[in-house]
Amino acid sequence: MTRRLAQVAKKVGVSEATVSRVLNEKPGVSEATRAAVLTALDVLGYERPTQLRGERARLVGLVLPELQNPIFPAFAEVVGGALAGQGFTPVLCTQTAGGVSEPDYVDLLLEQQVSGVIFFGGWYAQGDAPHEHYGRLAERNLPTVLLNAAVEDLDFPRVSCDDAVAVEQAMGHLRQLGHSRIGMVLGPPDHVPSQRKLAAGRAAAERAGFTLPEELVERALFSLEGGQAATTRLLRQGVTAVICASDPLALGAVRAVRRFGLSVPDDVSVVGYDDSSFMTCTDPPLTTVRQPIEAMGRAAVELLAGAIAGVRVTHDELLYEPELVVRGSTAPVRRD
């Protein structure tokens, strides 16, 4: 008991006597200090006293699929900072191959009595993935916010980048450069944001007076290797430009063009999506569609904090407009 008091006191920056007063529900402790002590108990892995276990911790789960794609740690930084500003402690839950799965993380977070959960890039965006763990969150009435598009039957607040606008911007830019043989590299067929991007691409092509046939649409896992393989297939179809659903896919596309004996952007233009870190440092610097991660992340935290406070929050999808960032990977179509 003494060791626990000392560790919690050190974590919070208060005396052991103050920690003892909180654990024994004695007066003379501010609400902020009391909340900090309870949160420290949770973070350090100690059980709360029986009389305090019914209260949710000031912890918020932040569930991400990976950290290799720079967009995910960028979102985590924004959301984590915004949560701390609201008095919450973020708990980062990152999936790894063969490691803890998203449903397992949900169970762990429920055991810790977290105040809420924010997901980014999770199974909710995949139509064929299991969704039962989201039902467990709904049954507990645990405040939950999803970042970016989700399958239709999940009734949670969502904060999304407008996929349709993103593709319209990319397609319009390439059309202005004279491209008409434009391919797309998207995520798997059940991936909702990719479905939205494909629908927008076909609509934009039709408005411009050309088509986006199936042979110019490739699917891939969101990786550099996936982008390279998919773009190689598109190059065999004679595309002069490629729109990718992520920056890693776009970097794979650049590699594929070079392995094909061609040049970016002289022979083939490439557009990414996200504007994640270091895209100004690639060769050539990547033209991409920037997600407004600062605004989206803060909006997600505001929605979650409101729900935790008992405020009725909208379950309509909040759409944020992206921004096309033109760099060196796009150029006018070559006329031979």
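**Cavity and helix**

Author: About 40 Å³ of space lies in the largest cavity. Keep in mind that this is a predicted model.

Reader: How many cavities of 30 Å³ or more does a search of the whole structure find?

Author: One.

Reader: Which residues line the largest cavity?

Author: The lining is made of Ala166, Val167, Ala170, Lys197, Ile243, Cys244, Gly272, Tyr273 and Val289. Two or more residues each come from α7 (163-176), β8 (241-244) and β9 (269-274).

Reader: Which element gives the largest share?

Author: α7 does, with three residues.

Reader: And by class, what is in that lining?

Author: Seven nonpolar residues, one polar and one charged.

Reader: New topic: helix α10. What span should its 13 residues have?

Author: Helix α10 covers residues 247-259. At 1.5 Å a residue it should span 18 Å, and its end C-alpha atoms are 18 Å apart, so the two agree.

Reader: What sits at the start of α10?

Author: Ser246. One of its side-chain oxygens comes to within 3.2 Å of the backbone nitrogen of Leu249.

Reader: Which residues of α10 are buried?

Author: Asp247, Pro248, Leu249, Ala250, Gly252, Ala253, Val254, Ala256 and Val257.

Reader: Which residue with a positive phi follows α10?

Author: Gly261, with phi near 85°.

Methods. Residues numbered from 1 in each chain as written. Predicted model: local features only at pLDDT ≥ 70, side-chain atom pairs only at ≥ 80, totals over all residues. Heavy atoms only, no water. 1 Å grid on protein atoms, 1.4 Å probe; cavity = no way out; pocket = protein on both sides within 12 Å on 5 of 7 lines; lining within 4 Å. Points joined across faces, edges and corners; volume = space filled by probe spheres on them. Helix = DSSP H or I, 4+ residues; strand = E, 2+ residues; numbered from the N terminus. Nonpolar A, V, L, I, M, F, W, Y, C, P; charged D, E, K, R; others polar. Expected span 1.5 Å × (residues − 1). Buried < 20%, exposed > 50% of the residue type's maximum accessible area, 1.4 Å probe, protein only. Polar contact = N/O pair within 3.5 Å; in protein donor to acceptor, adjacent residues only side chain to side chain.
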